[in-house]
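Please examine the sequence and the structure shown below. The paragraphs that follow lead through its strands, its helix, its core and its aromatic rings.

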Amino acid sequence: MERTEDEKAVLDEKLRLLTDTGNEAAFTYFQPDGKKNGGAYVTVLSAIKKLDPLEGRLVLADGTAIPIEDIWGIQDGSGDRLFGEETL
């Protein structure tokens, strides 16, 4: 699935806000299977350590590195949906 330019702008803004505040959030992203076609949606709860727009990835405080294009949902620590689908 591809995002519209508006969806990309919303995601960029939410990531910037989370980077600025240092708040923890739940990030849902698609993780491809390294051995075959397909993969799974994974959710990890962490704060943002580094947002690297040049490499197009997000590095979380727990060490998880996520390609920005693979992020499909963000919920803040209270469970409020910030971006993406409510359920995947």
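Arg-57 has Pro-67, in strand S4, as its bridge partner. In this predicted model, that bridge belongs to the pairing of S3 with S4 (residues 65–67), which is antiparallel and extends over 3 bridges. The two strands form a hairpin with 4 residues between them, and Gly-63 in the turn has a positive phi of about 95 degrees.

S3 also pairs with S2, again in the antiparallel sense, over 4 bridges. Here Leu-51 has Leu-58 of S3 as its bridge partner. S2 and S3 likewise form a hairpin, with 4 residues between them; in its turn, Gly-56 has a positive phi of about 70 degrees.

The helix may be considered next. H1 has 17 residues, which at 1.5 Å a residue should span 24 Å; the end C-alpha atoms are 25 Å apart, in agreement with that expectation. Which residues of H1 are buried? They are Leu-11, Leu-15 and Leu-18. Viewed down the helix axis, the buried residues fall within an arc of 65 degrees, and therefore line one face of H1. An α-helix has 3.6 residues a turn, so residues three or four places apart point the same way. On the other side of H1, Glu-5, Asp-6 and Asp-20 are exposed. After the helix comes Gly-22, with a positive phi near 75 degrees.

Leaving aside residues up to four places away in sequence, Leu-15 touches Phe-27, Ile-48, Leu-51, Leu-58, Ile-68, Ile-71 and Ile-74. Leu-51 and Leu-58, both touched by Leu-15, are the bridge partners already described between S2 and S3. In soluble globular proteins, nonpolar side chains tend to be buried together.

There remain the aromatic rings. How many aromatic pairs does a search of the whole structure find? It finds 1. This pair is formed by Phe-30 and Tyr-41 in an edge-to-face arrangement, 5.4 Å centre to centre and with 65 degrees between the planes. It links distant parts of the chain, since Phe-30 lies in strand S1 and Tyr-41 in strand S2, 11 residues apart. Phe-30 is partly exposed, with a relative accessible area of 24%, and Tyr-41 is also partly exposed, at 42%.

Key
Residues are numbered from 1 along each chain as its sequence is written. This is a predicted model: local features need pLDDT of at least 70, side-chain atom pairs count only at pLDDT 80 or more; totals for chains, interfaces and linings use all residues. Side-chain values use heavy atoms; hydrogens and water are left out. Contact means heavy atoms within 4.5 Å. Two strands pair if DSSP finds at least two bridges between them. The expected span of a helix is 1.5 Å times one less than its number of residues. Buried means under 20% relative accessible area, exposed over 50%, partly exposed in between (1.4 Å probe, protein chains only). The arc is that of the directions from the helix axis to the C-beta atoms. Rings of Phe, Tyr and Trp (its six-membered ring) pair if their centres lie within 6.5 Å; planes under 30 degrees apart count as stacked, over 60 as edge-to-face and the rest as tilted.
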